[in-house]
Amino acid sequence: MTPIHELSVHNNAQDTMQAPAIQIENLSKWYESFRALTDVNLTIAYGERIVICGPSGSGKSTLIRCINQLEVHQKGRLVVNGVTLVPGMKGLSAIRRDVGMVFQHFNLFPHLTVLDNCTLALRRVRKLDRREAEAVAHANLERVRIPEQADKYPSQLSGGQQQRVAIARALCMKPKVMLFDEPTSALDPEMINEVLDVMTLLAQDGMTMVCVTHEMGFARKVADRIVFMDQGQIVEQAPPSEFFTNPKHERAKLFLKQILH
Amino acid sequence: MSFVDILRGIFEGFDVTLIVTLLGLAYAIPFALVAGVLQHFSQGWLRLLVTILIEFWRSSPLIVLLYAFYYSLPAFGIYLSGIAVGAMVLGLNIGGYGSQSIRAALQALDRGQVEAGLALGLGRLDVLRLIELPQAITVMIPTFINLAIQLIKGTALVSLLTLTDMTFRAKEISQLSYDPVRIYSSLLLAYFIVCYPVTIFGRYLERRASEGRRSISEI
């Protein structure tokens, strides 16, 4: 039996590190008669890097948008950072602050400078004062290699720079999990790599990442597991080495053939 | 009477025009903001209530509203001064228009903006206050200025409630001097003198607001 004092030393963070970061059980979502997700099961551990791929309309974005409840599921169980998410629940913002999200179209706030984009939630949600918030912001802008743009407005940056700022903005909140929803799909080809490089750095730092992306090179290099979706269901899950050389599902074979030529 | 004398005479009514305008804005801006935001967010009976309120103020003729409130409220034991009634009616009428442009601007905003705010853990009200409204209001500056000018011009109607504004003064002078052409031309000029600076102020505001949004080609 464990003595009491050792139990109390055993802190909460340790507990959550051992439990999965995200646990999805029989998750279903539908719009009217269209089934966007059907009985999806997926467990993601802390430190894991997951790449979700699949044909368009297969439910990839819907799935990761359920994780921070930008989309509400109708059925199934969803546990994020130890909290069970119930549709229509209160206190979602407390869960969202620990789940960073990067969007396809960046969604930076155009009326705020790069620095203010990064400090807004730190000050309002984390209640840091301006000096502290700006220190955190500068550190994260450094991390995405764009510290010199702090005082510019988003519209003055290139697409790749904007997306890196969006990553820094999410990182400022010190999230336990980062969600990437097609982060390079809206970028000019020559800007894709600067964003992927930053994401690779993050992966090397041990960040828990769930990425919806068509960048198979990135998936091969960074992912611990590839999740392949089709028609609202996960049809195959495998480490990249296995997925790319020996896909099992017919739809995955076809997808790879088309995407890799 | 010389031109300058006429203008000087008309501007004796400027204080009433100014007060009705400022008080009118004090009604219009909060009403536009609250009604526009509520109409955007509410559903069911609350939305219906807000819509009815907006439509009442927006869709009734000003002159009818002025008479209705000025002459019929006393029958219910409510005595309001001409200035109070004028400012309220003009302000809420203009505010009704303003509420629609606020709602339209909120609706036109990219949904991704709200999502990005929510994803960062901001509450819904913070997202509205810090992300949606600042952008909506920037877009609306030209409309706001337009409405402010509309309000200034609308104050001419309070002369019908026997308030001595610029228009009322022009009528008085005209009855004394029998020179309507010169006097009403001067009145036109007088309103232009009052309204044009507002237009210039609006352009200044727009320039300032767009400073941060220069496109990448201008760097």
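Me: Why does B:S101 count as buried?

Reply: B:S101 has a relative accessibility of 15%. Buried means under 20% relative accessible area, exposed means over 50%, and partly exposed is what falls in between, with a 1.4 Å probe and protein chains only. The value of 15% is under the limit, so B:S101 counts as buried. This is a predicted model, in which local features need pLDDT of at least 70 and side-chain atom pairs count only at pLDDT 80 or more, while totals for chains, interfaces and linings use all residues. Residues are numbered from 1 along each chain as its sequence is written, chains are lettered from A and ligands numbered from 1 in the order in which they are written, and side-chain values use heavy atoms, with hydrogens and water left out.

Me: Where does B:S101 lie, and what does B:S101 touch?

Reply: B:S101 is in helix α5 of chain B, residues 82–108. Helices are DSSP runs of H or I with at least four residues, strands are runs of E with at least two, and both are numbered from the N terminus. Leaving aside residues up to four places away in sequence, B:S101 touches B:M140 and B:T143. A contact here means heavy atoms within 4.5 Å.

Me: What makes up the secondary structure of chain B?

Reply: Chain B has nine helices and zero strands. Its C-alpha trace spans about 70 × 55 × 20 Å along the principal axes. Of its 219 residues, 46% count as buried. Among contacts with a separation of 6 or more in chain B, residues 24 or more positions apart account for 73%.

Me: What does chain A have in the way of helices and strands?

Reply: Chain A comes to 11 helices and 10 strands. The C-alpha trace of chain A spans about 60 × 55 × 40 Å along its principal axes, and 53% of its 261 residues count as buried.

Me: Why is A:F180 called buried?

Reply: The relative accessible area of A:F180 is 0%, so A:F180 is buried. A:F180 sits in strand β7 of chain A, residues 177–181. Its contacts, not counting residues up to four places away in sequence, include A:I64, A:V102, A:I167 and A:M199. A:M199 is 19 residues from A:F180 in sequence, and their C-alpha atoms are 9.4 Å apart.

Me: Why is A:P154 counted as buried?

Reply: A:P154 has 4% relative accessibility, so A:P154 counts as buried. A:P154 belongs to the loop between α6 (130–143) and α7 (159–172) of chain A. Its partners, again without residues up to four places away in sequence, include A:L108, A:F109 and A:P110. A:F109 is 45 residues from A:P154 along the chain, with 7.4 Å between the C-alpha atoms.

Me: Why is A:D98 buried?

Reply: A:D98 has a relative accessible area of 18%, so A:D98 is buried. The residue is in the loop between α4 (92–96) and β6 (99–102) of chain A. Among the residues that A:D98 touches, not counting those up to four places away in sequence, are A:N81 and A:R126.

Me: What is noted about the phi of A:N81 and of A:N26?

Reply: A:N81 is not a glycine, yet has a positive phi of about 50°. A:N26 also has a positive phi of about 50° and is not a glycine. A:N81 is in the loop between β4 (75–80) and β5 (83–84) of chain A, whereas A:N26 is in strand β1, residues 22–31. With 12% relative accessible area, A:N81 is buried; A:N26, at 38% relative accessibility, counts as partly exposed.

Me: How many residues does each chain bring to the contact, and what area is buried between chain A and chain B?

Reply: Chain A brings 26 residues and chain B brings 23. The buried area is about 2100 Å², of which carbon and sulfur atoms give 61%. A:H111, A:R124 and A:Q156 supply 25% of the area that chain A buries against chain B, more than any other three residues. Buried area is the accessible area (1.4 Å probe) that two parts lose on being put together, summed over both.
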